[in-house]
Amino acid sequence: MRMALMTTPPGHDVLLYDGHCRICSGAAREFKRLLGGRGTELRSFRDDGVLESFPGVSPERCEKAMQLVQADGRVLEGAEAIVRALGRHPLGRLLYVYYVPGLRQLADALYGVIARYRFKIAGRNCSDAGCAVHFK
């Protein structure tokens, strides 16, 4: 069982994504469209001051996976963060099939591969030299 990460409770859900990643930014736009005003804020972890609001949520964690900081401060990441964030949408509850044994491991593995190679798959969305680290 994974150790639950806790951080400062924001009072509402906050989904942290990589604003330099085309896949992540596109997913964030789609989440915003699907969720509308249903209590989930979307923020790029690369924006100034964002991670300072959530002690314990490191840039390294954010580089590996989306992070969902729940209203109470619990942090979920990767495929599970997506499932929980979209669970607020009426059809999003269908995603809870993620918790079926075997499917969770498969979804986590697939998410991990896409996250690791996201810049090679879709290119980068930034002009600074910091993005070059993803093309090693």
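## Close-ups of a predicted model

**Arg74 is partly exposed, at 38% relative accessible area.** Partly exposed here is the band between buried (under 20% relative accessible area) and exposed (over 50%), using a 1.4 Å probe on protein chains only. Keep in mind that this is a predicted model: local features need pLDDT of at least 70, side-chain atom pairs count only at pLDDT 80 or more, and totals for chains, interfaces and linings use all residues. Residues are numbered from 1 along each chain as its sequence is written, and side-chain values use heavy atoms, with hydrogens and water left out. The partner of Arg74 is Asp72: their side chains meet in a salt bridge at 2.7 Å, N to O. A salt bridge means a side-chain nitrogen of Lys or Arg within 4 Å of a carboxyl oxygen of Asp or Glu. Asp72 is partly exposed as well, at 37% relative accessibility. Elsewhere, salt bridges with shared partners join Asp18, Arg46, Glu63 and Arg118 into one network.

**Glu63 and Arg46 form a salt bridge, with the closest N and O atoms 2.8 Å apart.** Glu63 sits in helix 2 (residues 59-64) and Arg46 in the loop between strand 3 (40-44) and helix 2, so this pair ties together parts 17 residues apart in sequence. The helices (H or I, at least four residues) and strands (E, at least two) are DSSP runs, numbered from the N terminus. Relative accessibility is 24% for Glu63, which counts as partly exposed. Arg46 is partly exposed too, with a relative accessible area of 25%.

**Glu41 pairs with Arg43 in a salt bridge, its closest N and O atoms 3.7 Å apart.** Glu41 is partly exposed at 29% relative accessible area, and Arg43 is also partly exposed, at 24%. Across the structure there are 9 salt bridges.

**Helix 1 (residues 22-35) and helix 3 (residues 79-86) have axes that come within 10 Å and cross at roughly 25°.** Axes are lines fitted to C-alpha atoms, for helices over the stretch in contact, and angles run from 0 to 180 degrees between N-to-C directions. Under 35 degrees counts as roughly parallel, over 145 as roughly antiparallel, 65 to 115 as roughly perpendicular and the rest as oblique; helix 1 and helix 3 are therefore roughly parallel. Phe31, Leu34 and Leu35 of helix 1 make the contact (heavy atoms within 4.5 Å) with Ile82, Ala85 and Leu86 of helix 3. By class, that contact has 6 nonpolar, no polar and no charged residues. Nonpolar covers Ala, Val, Leu, Ile, Met, Phe, Trp, Tyr, Cys and Pro; Asp, Glu, Lys and Arg count as charged, and the others, Gly among them, as polar.

**Helix 3 has 6 of its 8 residues buried, so it is largely enclosed by the rest of the structure.** The buried residues are Ala79, Glu80, Ala81, Val83, Ala85 and Leu86. Their cover includes strand 2 (13-17), helix 1, strand 4 (67-69), strand 5 (74-77) and helix 4 (103-116). Zooming out, 37% of the 136 residues of the protein chain count as buried.

Cys21 is buried, at 0% relative accessibility. Cys24 is buried as well, at 12%.
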